[in-house]
Amino acid sequence: MTFQEYIEQSILPQYEAFDGGHKRDHAETVIRESIKLAHEYHADERMAYTIAAYHDLGLRIDREKHHIHSGEILLADETLRQWFTPEQLLIMCEAVEDHRASSKNPPRTIYGAIVAEADRQIEPETVIHRTMAFSAKLFPNGDFETLYQRSKEHLLEKYAEGGYLRLWLNSERNMRGLQALRELIRDEQQLRALCKQWYDNR
């Protein structure tokens, strides 16, 4: 089995058990963007690929500390030792731990910065729909207004000016997306319409 076959067959399918904002398509998007950033910053693309593939696996244990558990899962995976040295595995573990959006400390290496930046995926409509999907998981019997108010509160707390989101590489894609998202959050009518669209089509 090749390196990529192992990731695709044994690791990525685990994302199907997670909420709508963290399914396999999310992991695959983070992988693609991580590889692109690794190339841009002259980092090891296989390491970036692996970090991205494992970055949210800890959700199966605990959401609050999922970044820590994800790093533990990566480090404990004996199969990876076929392709990476102990030093590389430790760097990757730390990068996974450092990816969380609410972290106030900068990533310890370029790999942590890469996966954190790739994970942001600040495409306004995608962010809105992922936020609504997680709100629905928190409140499975909630009506639209319940889900909308929770989602709006989270969006303001995380993405508005002064929010806790940190961008460590300030990629053009994320800076452009963040500006567009902030404009959308300020437009109550458009924000509500996008949330209602997700609610009606789920």
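Student: What is the handedness of the crossing where α8 passes α10?
Tutor: Keep in mind that this is a predicted model. Here the helices to look at are α8 and α10, where one passes the other. Their crossing is right-handed.

Student: And how are α8 and α10 oriented: parallel, antiparallel, perpendicular or oblique?
Tutor: Start with the numbers: α8 and α10 (residues 188–201) have axes 10 Å apart and pack at an angle of about 125°. Perpendicular covers 65 to 115 degrees and antiparallel needs over 145, so an angle between those ranges falls in the remaining group. That makes the pair oblique.

Student: How many nonpolar residues are there in the contact of α8 with α10?
Tutor: On the α8 side you'll find, among others, Phe144, Leu147 and Tyr148, and α10 brings residues including Leu191, Cys195 and Trp198. By class, the contact has five charged residues and one polar. The nonpolar count is eight.

Student: Now α2 and α3. Are they roughly parallel or antiparallel?
Tutor: The axes of α2 (residues 24–40) and α3 come within 8 Å and cross at roughly 150°. Anything over 145 degrees counts as antiparallel, so the label follows from the angle. The two helices are therefore roughly antiparallel.

Student: Which residues in α3 meet α2?
Tutor: From α2, the partners are Val30, Ile31, Ser34, Ile35, Ala38 and His39. By class, this contact has eight nonpolar, two polar and one charged. The α3 residues are Glu45, Ala48, Tyr49, Ala52 and Ala53.

Student: What about pockets? Which element gives the most to the lining of the largest pocket?
Tutor: The largest pocket has a volume of about 700 Å³. Of its 25 lining residues, the closest to the centre are His22, Arg63, His154, Lys158 and Tyr164. Elements giving two or more residues to the lining are α6 (110–120), α7 (124–138) and α8 (144–159). With six residues, the top contributor is α8.

How values were computed. Residues numbered from 1 in each chain as written. Predicted model: local features only at pLDDT ≥ 70, side-chain atom pairs only at ≥ 80, totals over all residues. Heavy atoms only, no water. 1 Å grid on protein atoms, 1.4 Å probe; cavity = no way out; pocket = protein on both sides within 12 Å on 5 of 7 lines; lining within 4 Å. Points joined across faces, edges and corners; volume = space filled by probe spheres on them. Helix = DSSP H or I, 4+ residues; strand = E, 2+ residues; numbered from the N terminus. Axes fitted to C-alpha atoms, helices over the stretch in contact; angles between N-to-C directions. Parallel < 35°, antiparallel > 145°, perpendicular 65-115°, else oblique. Left-handed = near helix turned anticlockwise from the far one by under 90°. Contact = heavy atoms within 4.5 Å. Nonpolar A, V, L, I, M, F, W, Y, C, P; charged D, E, K, R; others polar.
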